[in-house]
Amino acid sequence: MERGDPVNLRNFLSRCLAPLLTVAVLAVSACDPQPPMSTMTIQQPSQGTQNLRLGEYRVAPGDRLRVTVLSDTELSGEYEVDSTGMISPRMAGRVVVLGMSMPEIEAMLADRYRSGGYLRNPRISVDLVSRRPFYIIGEISRPGSFPYVSGINVVQAIAIAGGYTRRASKTRITIQRFNAQQGQEETVTEDSPVGPGDIIRVPERWF
């Protein structure tokens, strides 16, 4: 390369710097642990993720529980959670179970029987017999409440309620989730999952 030759100097710098720039770009990319958000990332959770494991299930009015007292079977029984979130197990009186999981109810009842002097070493099992019903209103044949079926989706719930009327809109169905604020609804499709206590609304089509 001749000194002062600007063309050759540019070629020389290009050949030398290009590999260094490539290495720098790869290094920056390797340091980024978070991939860009894809369409799949922001889609509605699958039905499998909507269904809580039994140990995480939180009790609410309409749920039916089986309380088994292994150390004294005469104290065992089935109880439906009333509108105030309470049940009345034998010899334990009325107890609040609203928002509690099965293990938490077991521990609470064991402490109740122990502190009340009924059992010295209570062994208690609490099982969920049936979940609170779901509700469906609007343009369907039989609006009302229906027993919850595990894993159910919107179109299956509508079938249980007798199907659509001729005036029903199938594209503007909404659900008010059980834990949502009053009046807070989300637009869903026929494949969307339904949870215990959810309220499905099928509106009338515009024309």
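Which residues does Leu65 touch, not counting residues up to four places away in sequence? The points below begin with that residue and refer to a predicted model.

1. Leu65 and its surroundings. Leu65 touches Val59, Gly77, Glu78, Tyr79, Val81, Ile87, Met102, Ile105, Val126, Asp127, Leu128 and Val129, with residues up to four places away in sequence left out of the list.

2. The nonpolar cores. The largest nonpolar core has 22 residues, and Leu65, Val97, Ile105, Ile124 and Val126 touch the most other members. At least two residues of this core come from each of β1 (64-69), α3 (102-115) and β5 (124-130). Helix α3 supplies the largest share, five residues. A second core, separate and made of 17 residues, includes Ile140, Ile158, Ala161 and Val194.

3. The five-stranded sheet. Five strands form an open sheet with mixed pairing, in the order β7-β6-β10-β8-β9. The edges are held by β7 (144-146) and β9 (186-187); each has a single partner strand, so one side of each is left without a neighbour in the sheet.

4. Strand β10 and its partners. Strand β8 (residues 174-176) runs antiparallel to β10 (residues 199-202), and three bridges join them. Within this pairing, Thr174 has Arg201 as its bridge partner, and Gln176 has Ile199. With β6 the pairing is parallel and extends over four bridges; Ile136 stands opposite Ile200 of β10.

5. A buried arginine. Arg132 is located in the loop between β5 and β6 (134-138). Its relative accessible area is 7%, so Arg132 counts as buried. The side chain of Arg132 makes a polar contact of 2.8 Å with the side chain of Tyr57, and a polar atom of the Arg132 side chain lies 3.4 Å from the backbone oxygen of Pro196. Apart from neighbours within four places in sequence, the residues in contact with Arg132 include Arg58, Asp63, Tyr148, Phe178 and Gly197.

6. Val154. This residue belongs to helix α4 (residues 154-160) and is buried, at 0% relative accessibility. The C-alpha atoms of Val154 and Pro193 are 6.2 Å apart in space, although the two residues are 39 apart in sequence. Beyond four places in sequence, Val154 touches Ile173, Ile175, Val188, Thr189, Glu190, Ser192 and Val194.

7. Salt bridges. The whole structure contains 11 salt bridges. One of them joins Glu78 and Arg64, whose closest N and O atoms are 3.2 Å apart. Glu78 lies in strand β2 (residues 77-80) and Arg64 in strand β1, so the pair ties together parts that are 14 residues apart in sequence. Glu78 is partly exposed at 37% relative accessible area, as is Arg64 at 29%.

8. Further charged pairs. Arg94 and Asp82 meet through their side chains in a salt bridge (3.2 Å, N to O). Arg94 is in the loop between β3 (86-87) and β4 (95-96) and Asp82 in the loop between β2 and β3, so this pair ties together parts 12 residues apart in sequence. Another salt bridge is formed by Arg167 and Glu204, with closest N and O atoms 4.0 Å apart. This pair links distant parts of the chain, 37 residues apart: Arg167 lies in the loop between α4 and β8, and Glu204 in the segment after β10. Finally, salt bridges with shared partners join Arg64, Arg66, Glu78 and Glu80 into one network.

Conventions:
Residues numbered from 1 in each chain as written. Predicted model: local features only at pLDDT ≥ 70, side-chain atom pairs only at ≥ 80, totals over all residues. Heavy atoms only, no water. Core = buried A, V, L, I, M, F, W, Y, C linked by side-chain atoms within 4.5 Å. Buried < 20%, exposed > 50% of the residue type's maximum accessible area, 1.4 Å probe, protein only. Contact = heavy atoms within 4.5 Å. Pairing = 2+ DSSP bridges. Polar contact = N/O pair within 3.5 Å; in protein donor to acceptor, adjacent residues only side chain to side chain.
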